[in-house]
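Here is a short briefing to read beside the model. Have a look at the fold first, then come back for the details.

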Amino acid sequence: MIRTTLTAGVRHAQSLPHASISFRAARHSSSSSSSSVFSVLKSLVSLNPSTSYSPCSVKNATSSPMIVSEVASPSTAPETAKTKPHIVNGRFVNPWPSAGEGNIFTEILRSRLSREWRKVDVSPDMMPTVTPDFSAPISDPSNIRATWLGHATYYVEMPTGLKVLFDPLLGNKCVPKWTPGFNRISPPPCKISDIPAVDLVVISHYHYDHLDEYSIGLIRKHFPEAYYFVPMGIKQWFTKRGIHDVTELDWWDERDISVNGVTSTISCLPCQHGGNRSITDHGMSLWSSWSITSKGKLYFAGDTGYRHVPKLPADQDDYAIEMPHCPAFEEIAEHRGPFDLALIPIGAYSPRWIMSKVHCNPFDSVNLFQDVKAKRALAMHFGTWILTDEPVLEPAEKLREALRRKGLPETGLFDAIQIGQAVEVPVET
């Protein structure tokens with residue numbers, strides 16, 4: 001338990017044996033100078049799977065603190081939650097045959113040098129944006145409202161009032177600023193400062209297009225009380241930038257969080273991807289999907305592949321070939337599902353023989369949607385930057401085709417919406 005005492009108007013927490021909760025820290029808004037990306041990378045060390053990671057720092061808290069548990073309400077988990085096959089020699093790996101073998105960066109380089117990589121036509125009017133109206137009332141307070149802000153950035157308002165920002169990236173580039181190209185197709189639909197409130201910021205992994213220093217800096221400025229959840233190995237990136245209200249979790253770990261007396265649960269869950277920030281730190285941080293239960297159940301798939309396929313003739317359907325798929329999503333349904341809403345990636349999948357290890361195509365995405373037993377889904381991870389060589393609008397078109405192939409309705413079940421658009425989803429009680 002935690003015993004609290006009031007000293008000079010500031011609440012302090014004193015840990016006693018078997019501590020079960022910790023108070024989130026209040027932070028000063030002044031920013032400290034951060035090291036360059038390369039100096040941060042040099043400071044990383046191999047992760048020891050036996051290391052005990054502190055889930056939350058206990059420091060000065062506000063008068064109305066968010067409370068983060070050290071051990072969440074008991075939930076079931078597969079046996080792999082104990083055996084941890086995703087940690088090998090102190091590094092994180094994808095432990096399934098569906099992830100394939102080989103180095104994706106080497107394969108991308110070879111593909112580009114051989115001129116197999118297609119040129120993608122792009123213009124800003126291909127992906128028009130709408131300006132989100134965050135002030136619009138939710139039609140039914142029991143609904144989940146999700147607003148897509150581009151790529152994997154979603155702003156989600158849960159029925160309890162909990163407000164969660166996933167993988168925030170509202171800048172122009174999704175790579176280090178000194179890297180040429182990779183500019184946003186259309187302007188961001190809003191600024192960080194336009195968002196009315198943020199309780200939680202949830203990060204799926206370490207890649208630049210999901211963990212953006214510019215956007216995190218703005219969140220720290222405008223929402224200094226926001227709390228962060230990240231996969232293993234990423235907390236130090238935040239602490240080096242003066243952000244200490246961070247909990248890092250392993251797959252199948254979860255925490256109860258209390259805001260204004262209302263308790264919600266967040267779970268860190270598997271997905272099939274990678275977590276490096278450079279060519280030297282592969283496997284030193286974890287990648288994950290997430291679920292949130294807060295009078296409604298939300299699943300955020302993060303960035304993930306589903307089944308690795310070999311190089312095939314361009315006109316051959318790879319689903320005509322039996323290949324293993326990632327079993328994690330069915331396990332997620334069994335132990336955390338079903339879900340009222342799932343946010344699922346559908347783009348950055350071509351060349352398929354390279355990208356299928358780490359990115360879903362829409363046919364994979366529909367299978368994933370069914371695996372996790374979600375009632376509704378919204379698409380993400382397309383139409384924002386040119387990352388791979390499929391046409392900009394193809395993911396949304398193929399999503400409708402994939403739904404038709406399964407005999408599912410093309411709209412109203414799993415939708416690709418406009419950047420900036422908000423969708424309300426009823427919660428089944």
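Predicted model: local features only at pLDDT ≥ 70, side-chain atom pairs only at ≥ 80, totals over all residues.

Residues are numbered from 1 along each chain as its sequence is written, and side-chain values use heavy atoms, with hydrogens and water left out.

**Whole chain**
- The protein chain has 9 helices and 20 strands (DSSP runs, H or I of at least four residues for helices and E of at least two for strands, numbered from the N terminus).
- Of its 429 residues, 55% count as buried, meaning under 20% relative accessible area with a 1.4 Å probe, protein chains only.
- Contacts (heavy atoms within 4.5 Å) between residues at least 6 apart in sequence join residues at least 24 apart in 73% of cases.

**Helices H8 and H9**
- The axes of H8 (residues 362-371) and H9 (residues 394-405), lines fitted to C-alpha atoms over the stretch in contact, come within 8 Å and cross at roughly 50°.
- H8 supplies Pro362, Phe363 and Val366 to this contact, while H9 brings Pro395, Lys398, Leu399, Glu401, Ala402, Leu403 and Arg405.

**Helix H6**
- Ala328, Phe329, Ile332, Ala333, His335 and Arg336 are buried in H6 (residues 328-336).
- Their cover includes strands E13 (254-259), E14 (262-269), E15 (289-293) and E16 (297-300), along with helix H8.

Notes. Buried < 20%, exposed > 50% of the residue type's maximum accessible area, 1.4 Å probe, protein only. Axes fitted to C-alpha atoms, helices over the stretch in contact; angles between N-to-C directions.
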